[in-house]
Amino acid sequence: MRRVIFNQKGGVGKSSIATNLAALSAAQGYKTLLIDLDVQGNSSHYLGYDPRDDAGTDQSKSIAELLNQTVGWFSVSTPVKAFPQPTQFPKLDIIPSSPKLEKIESELERRYKIYKLRDALDELEKDYDRIYIDTPPNFNFFSKAALIAAQRLLIPFDCDSFSQQALMTLLNNVAELREDHNRTLEVEGVIVNMFNAQANFPAKIIADLSDIGLPILKPYLPLSVKMKESHYHQQPLIHMLPNHKLTQAFEQLFAHLEQTTSNRLETEQ
């Protein structure tokens, strides 16, 4: 199962959600791969990789190098299976980000490498049970490549009117890309993040989204300073605070996603 976590709006918690779902997946015994396609490298840093540290990170095994490989008559490319790097957490690997992503984007687009990630995952999925893809906060080459490569889309959402407007734009963009490039892509649901249960406005926004038929996943992820502490210590919540309410919310969300996946697979069989 390949899931992409994407929203064109920044600050909605894409990297936090992608990393914590991947960490939960690995902790529950699934061989899991996290791919960091955002030049900011937040997911990479969260798991102990600093994409800007040339001495501490093998830049030759970044997602930028995987996408930028040229296969020619006289060139030898690095095998795709050489790119996933182990993390400190069992069963959890990562293909880290790189500052080079920003430099090579226009060249990759010019060379029409938009399907290269999908081709790579076709090969890598033989070695992994779950693959999560973190994306940049805009509809660019890298987010499009991720949407083409994935089977399910998870949309992080923080409850304000600007987010609601951005969500409508996102859905229109995804619908067009789905029609042209990946008709099997499904919007698995909207993940409500940084939810304040004491305020009335977030509930109103969520109700509006439900009224237009969007799948709103539960539970909502509560606002908590522990998330920032988790980033600082480079420890996903399941490892740093396994009994915290935010960790438990992530566990319930993950269980829901896995149950949905299981039910769908049983139906297809």
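Accessible areas here come from the Shrake-Rupley method with a 1.4 Å probe. With that in hand, here are some friendly notes on this predicted model.

1. **Surface and burial.** The accessible surface of the protein chain comes to about 12,600 Å². Carbon and sulfur atoms account for 49% of that surface. Looking inward, 51% of the 269 residues count as buried.

2. **Overall build.** The protein chain has 11 helices and 8 strands. Its radius of gyration is 18 Å, close to the 18 Å that the globule rule gives for 269 residues, so the chain is as compact as a globular protein of that length. Taken along the principal axes, the C-alpha atoms fill a box of roughly 60 × 40 × 40 Å. Contacts reach across the sequence too: among those between residues at least 6 apart, 80% join residues at least 24 apart.

3. **The sheet.** If you trace the strands on your screen, you will find an open sheet of 8 strands in the order β3-β4-β2-β5-β1-β6-β7-β8. The pairing in this sheet is mixed. At the edges stand β3 and β8, each with a single partner strand, so one side of each is left without a neighbour in the sheet.

4. **Parallel pairs.** Strand β1 runs parallel to strand β5 (residues 130–134), and 4 bridges join them. A handy landmark in this pair is isoleucine 5, whose bridge partner in β5 is aspartate 134. Strand β2 (residues 32–36) also pairs with β4 in the parallel sense, over 4 bridges. There, leucine 33 has aspartate 93 of β4 as its bridge partner.

5. **The antiparallel pair at β3.** Strands β3 and β4 pair in the antiparallel sense over 2 bridges. Glutamine 85 stands opposite isoleucine 94 in β4. The two strands form a hairpin with 5 residues between them.

6. **The two faces of β4.** Please take a moment with the side chains of this strand. Leu92 and Ile94 point one way from β4, while Asp93 and Ile95 point the other way. All four of these residues are buried, including the aspartate.

7. **Arginine 2.** This residue is worth a click. Arginine 2 is found in strand β1 (residues 2–5). Its relative accessible area is 5%, and because the cut-off for buried is under 20%, arginine 2 counts as buried. The side chains of arginine 2 and glutamate 125 are joined by a polar contact of 3.1 Å. Beyond its neighbours within four places in sequence, arginine 2 is in contact with Arg118, Leu121, Asp122, Glu125, Ile131, Ala149, Ala150, Gln151 and Arg152.

8. **The nonpolar cores.** The largest nonpolar core has 49 residues. Those with the most contacts inside this core are Ile35, Leu37, Ile63, Leu117 and Ile133. Helix α6 (residues 141–149) gives the most to it, with 7 residues. Apart from this core lies another, of 29 residues, among them Ile5, Leu21, Leu92 and Leu257.

9. **Leucine 117 up close.** Not counting residues up to four places away in sequence, leucine 117 touches Ile35, Leu37, Ile63, Leu67, Ile133, Ala145, Ala146 and Ala149.

10. **Backbone points to check.** Most residues other than glycine have a negative phi, and most peptide bonds are trans. Lysine 91 has a positive phi of about 70° although it is not a glycine. This lysine lies in the loop between β3 (85–86) and β4 (92–95), and at 43% relative accessibility lysine 91 counts as partly exposed. Methionine 194, also not a glycine, has a positive phi near 55°. Its place is in the loop between β7 (186–192) and α8 (200–211). With a relative accessible area of 34%, methionine 194 is partly exposed.

11. **A cis peptide bond.** Which way does the peptide bond from lysine 218 to proline 219 go, cis or trans? This bond is cis, with omega near 5°. Proline 219 is found in the loop between β8 (216–217) and α9 (226–233).

Terms used: Residues numbered from 1 in each chain as written. Heavy atoms only, no water. Buried < 20%, exposed > 50% of the residue type's maximum accessible area, 1.4 Å probe, protein only. Polar contact = N/O pair within 3.5 Å; in protein donor to acceptor, adjacent residues only side chain to side chain. Contact = heavy atoms within 4.5 Å. Core = buried A, V, L, I, M, F, W, Y, C linked by side-chain atoms within 4.5 Å. Rg over C-alpha atoms; globule rule 2.2 N^0.38 Å. Pairing = 2+ DSSP bridges.
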